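Me: I have just opened this one and would like to walk through it slowly. Can you help me find my way around?

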Amino acid sequence: MPALEFSESAEKQFLNILSRYPEGHRRAALLPTLHLAQKEFGYMSVDAMEYVATRLELPPSKVLHVATFYTMYNKSRVGQRHVQVCKSISCAVMKAYSLVEYLEDKLGVVAGETTADGKFTLSEVECLAVCGYAPALQCNDDYHIHLGQPAEDGSWPKVDALLQEWGWEA
Amino acid sequence: MPTCTINGQKIDVDRGTTVLQAAAELGFDVPHFCYHPALSIPANCRMCLVEVEKARKLLPACYTQVTEGMVVHTENERVVQARRAVLEFILVNHPVDCPICDQAGECKLQDYYLDYDAQSSRQRTIKVTKIKAFPLGPEVVYDGERCILCTRCVRFCDEVTGTNELTVVERGDRSAIRTFPGRDLDNAYSMCVVDLCPVGALTSRDFRFKCRVWLLQSADSVCTGCARDCSVHLEHHDAEVQRLRPRYNPEVNEYWMCDAGRYTYRELHEDRLTSPLINGASYTWPQVAEKTADILTETVQGVGTESIAFVFSPQASCEDLFVARKFAEEVLGTSRHYMGGKPDGQGDDFLIHADKNPNRNGVKLMFPRGSRPAPFTKLLHDLESGSIRALYMMGSDIPLVGEQRQAFVSLVENLDLLVLQAPRGGELAAHAKIILPTRTHAEKEGTFVNCDGVAQGFGKAIDPKRSAAQDDWRVFVRLAQKLGAALPYAFFKDLRADMFAAMEANSRKTDTAAAPEAPAPAG
Ligand code: SF4
Ligand code: SF4
Ligand code: FES
Ligand code: FES
């Protein structure tokens, strides 16, 4: 048996997800269940995928297939706040690359890493589908758009404000 | 029945026929990677694109069904250009390490490249590299760089074995075939994915780096691993069998065979008896026939014909068994017949049969109903009671296990005479006064009848290496001559004809071991 189990509230959500699909089509519930599992267990660990497979009565290999196909499912543990900066075309034009470097400096990690205290993970991602509001980033489930442009001294005031809000200390 | 025109030729096909199938019927081979007739059709490789008039884009021939009045071109300029483009894409990250690839020589990618692409690479960036030898399971090794992601291997595990071990992970140029972490590609048919893989991405641990495929010669043969008798290509080089591959036979095994069956070739070269022996001394065939005839005559005089037992091997061919029966009944004059062979093992509900002998039905069909060889346990019993003093055994297999087996071997020690006529020695060789080495099925022509009564001929692949091994039937004919009761066979084809006639006669009327083409029981 997999070592994990949904908490009581996650179990309720899971049953709710299942109820949206017709009987005998549990496979259709895979994407939302994986999201739920990610929330619940932090990332797509082998145990988490195995657990989802058991609950949806699917071969574990098919869960692996879907979980590794989508980049939104994290393959390793992330910090409390997962900061994902869009670097696709509109955001790139709006200096998203400098934004990533700025955040790297501030947080003391390179994109793809987690801070030593486990509070922040910084990632670069493809288009967040808010191109009209570039530059944009996503932190956990929240979007932050219209992040403005760097000041004379290279700082990003709106980003600094966000960092403060998130309890980041220099 | 829609009618379509392919490359100017008209053809009527059944509803649901694909363009690829219809083209094949007309003799046009549409190149393809992902399509396999026994698997579902994902149409993911795009190699089979063809032009269908009035369709804006080229269509995959493997998936597109023929509709009334369809006009198809499978070889025109536009199609050939598309094939070239598809190949160029597939080759973007392909390592082209054909010189060290086991598939080279039987690789679809190599063949199609030469047919349609044949240009030097226009790529100016570095290729994505991946792991070159990833073990997917005990038998199969995966090369991520060579994989073209056709998913044939994945579909085999999903649709044929239902074991679902494999999947595609990641996406884009990171995609690869994997099992779930901590699990293996480990089913009884796992090596079929090696045959299915159109490129050199999946290799069998057994055959990897063993022999270049263009050195292999192939004979149409039959697997001897169990009573299913899967049709195989028996492939050999330098008088040694290198591998077995399933040979398509819709009546028996379709496209598949089991992993254990693939390894049966090893036995063909192990523990072989190479020279006729009497009391450990080696003789030529004429000498040994002379002496054996004397010893047999003496034994018959000493203990009487009814104390001589004859064991028929369900590992032997029908032809050999046919002559064996004549030898036992007409020459030795004994009616004490027993069924030898290997002990039963595990079976499953797909191909693998619990009977590990290829020709039990063949043995049965050599005898009229009611006079078939008795089970081997009966022989054990008769040896214990002392009613048998001499034993003539075809094959060295003992269909007993554990204590019974030990009991049999020690009873054999006390016999007046043991004649062992077999390709391999086994544990009985030490107790045999006379050893007559014979050929394996790879070294001769013959016929086996499988568990469902399907008779299949197999061809000769190799000669025995540094060995005097003879066909069983020739040994019987030779001995019979010396014993003064000649068996009338000089040519295999005559004997085969007589054998089939006997089989036909013996299978008439209601019979569980239904013979091939046996007329249905009347009334
Ligand atoms: S390993 Fe072979 S069969 Fe499997 S997807 Fe790759 S190319 Fe196809
Ligand atoms: S199923 Fe039997 S006959 Fe077929 S390959 Fe396996 S052992 Fe050989
Ligand atoms: S490019 Fe950044 S949101 Fe689309
Ligand atoms: S064979 Fe038709 S798309 Fe692969």
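Me: Let me start with a pair of strands: how many bridges join E11(B) to strand E12 of chain B?
Reply: This is a predicted model, and in it E11(B) is joined by six bridges to strand E12, residues 231-237 of chain B, with the two strands running antiparallel. Within that pairing, B:Gln217 stands opposite B:His236 in E12(B).

Me: And which strands form the sheet there, in what order?
Reply: It is an open sheet of three strands in chain B, ordered E11-E12-E13 with antiparallel pairing. Strand E11 (217-222) and strand E13 (240-246) are the edge strands, each pairing on one side only, and from one strand to the next the twist averages 30°.

Me: Switching to the ligands, which residues come nearest to ligand 2?
Reply: There are 14 residues around ligand 2, and the nearest are B:Cys223, B:Gly225, B:Cys226, B:Cys230 and B:Gly261. By class, that shell holds eight nonpolar, four polar and two charged residues.

Me: Why does it lie between two domains of chain B?
Reply: Ligand 2 lies between domain 2 (122-267) and domain 3 (277-507) of chain B because both of these domains give residues to its shell.

Me: What about the shell around ligand 1?
Reply: Ligand 1 has 13 residues around it, of which B:Cys147, B:Cys150, B:Cys153, B:Cys197 and B:Ala201 come nearest. Its shell divides into eleven nonpolar residues, one polar and one charged.

Me: Now chain A, how is it divided?
Reply: Chain A has domain 1, covering 8-69, and domain 2, covering 81-165, and the centres of these two domains, taken over C-alpha atoms, are separated by 30 Å.

Me: How many residues does each chain give to the contact?
Reply: Chain A gives nine residues to the contact and chain B gives twelve. On the side of chain A, the largest share, seven residues, comes from helix H4 (residues 60-69), and by class that side has five nonpolar, three polar and one charged residues.

Me: Last topic, the backbone: where is the peptide bond that is cis?
Reply: The bond from A:Ala134 to A:Pro135 is cis, with omega near -10°, and A:Pro135 is found in the loop between strand E2 (120-125) and strand E3 (137-139) of chain A. Most peptide bonds are trans, and most residues other than glycine have a negative phi.

Me: Then what is phi at B:Val96?
Reply: B:Val96 is not a glycine, yet its phi is positive, about 50°. B:Val96 sits in the loop between helix H2 (77-90) and helix H3 (108-117) of chain B.

Methods. Residues are numbered from 1 along each chain as its sequence is written. Chains are lettered from A and ligands numbered from 1 in the order in which they are written. This is a predicted model: local features need pLDDT of at least 70, side-chain atom pairs count only at pLDDT 80 or more; totals for chains, interfaces and linings use all residues. Domain bounds come from an automatic or database domain assignment. A residue is near a molecule or strand if its C-beta atom, placed from the backbone, lies within 6 Å of it. Ala, Val, Leu, Ile, Met, Phe, Trp, Tyr, Cys and Pro count as nonpolar, Asp, Glu, Lys and Arg as charged, and the others, Gly among them, as polar. Two residues are in contact if their C-beta atoms, placed from the backbone, lie within 7 Å. Helices (H or I, at least four residues) and strands (E, at least two) are DSSP runs, numbered from the N terminus. Two strands pair if DSSP finds at least two bridges between them. Axes are lines fitted to C-alpha atoms, for helices over the stretch in contact, and angles run from 0 to 180 degrees between N-to-C directions.
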